[in-house]
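Trainee: I would like to go through this model with you. Where do we start?

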Amino acid sequence: MDKLNNIMQHICLENKNKDIVLYENSNSYIYESLKFLKITYQYLPQLEELVKLDSDNILLLLSIDENIINSDDLYRKIGSIILKYPDNFIIINKTNKADYLDNPLHKRLMSLGFKLSSQINHDDIFFLFYTYNIGSYKNSPDWLNSKNWANPELWEK
């Protein structure tokens with residue numbers, strides 16, 4: 001539990017001025033971690049209740065178990081959540097499989113622009129932390145800079 005607590009503490013410290021909202025659809029690992037760390041948060045019993053929240057100062061933690069949630073339905077919900085919380089959204093995927101690259105949920109999250117920020121193993125459950133930030137959605141390639149082709153001084157060469 002120490003690794004999970006460390007990651008949760010790091011996430012909360014990075015977002016210390018935001019109100020944490022937690023949705024957890026099974027087990028209670030994240031809930032227990034926040035409780036252990038004495039971090040204040042608001043529990044969200046259903047994703048549909050997100051529309052009632054003020055999105056300006058929220059960090060949304062969406063903790064899901066891929067085995068009990070319909071990935072098509074979740075995909076649509078996540079797409080609409082991204083529109084409201086483009087900079088304040090972390091998905092924590094709990095899975096029993098170490099090989100996440102072929103996981104349909106992983107592929108869908110990557111297609112939506114999420115980045116896998118960290119992963120840990122606790123009690124044979126793998127926690128995959130995905131972050132979404134529209135500002136860092138696409139990394140600029142190395143060649144797209146003023147030292148290479150984008151430099152007008154080099155156009156004649």
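Mentor: Start with the fold: the protein chain has 4 helices and 6 strands. Helices (H or I, at least four residues) and strands (E, at least two) are DSSP runs, numbered from the N terminus. This is a predicted model: local features need pLDDT of at least 70, side-chain atom pairs count only at pLDDT 80 or more, and totals for chains, interfaces and linings use all residues. Residues are numbered from 1 along each chain as its sequence is written, and side-chain values use heavy atoms, with hydrogens and water left out.

Trainee: In what order do the elements of the protein chain run?

Mentor: Read from the N terminus on. The order is α-β-α-β-β-α-β-α-β-β.

Trainee: Which element has the lowest mean pLDDT?

Mentor: pLDDT is the predictor's confidence in each residue, from 0 to 100. The protein chain averages 81, and 79% of the residues score at least 70. Helix H2 (residues 29-36) has the highest element mean, 91. The lowest, 79, belongs to helix H3 (residues 71-84).

Trainee: What share of the residues in the protein chain is buried?

Mentor: Buried means under 20% relative accessible area (1.4 Å probe, protein chains only). Of the 157 residues, the buried share is 40%.

Trainee: Which element supplies the largest share of the lining of the largest pocket?

Mentor: Lining residues have an atom within 4 Å of a pocket point. A pocket is an open set of points on a 1 Å grid where a 1.4 Å probe fits, with protein on both sides within 12 Å along at least five of seven lines. H1, S4, S5 and S6 each supply at least two lining residues. The largest share, 4 residues, comes from H1.

Definitions and conventions:
Buried means under 20% relative accessible area, exposed over 50%, partly exposed in between (1.4 Å probe, protein chains only).
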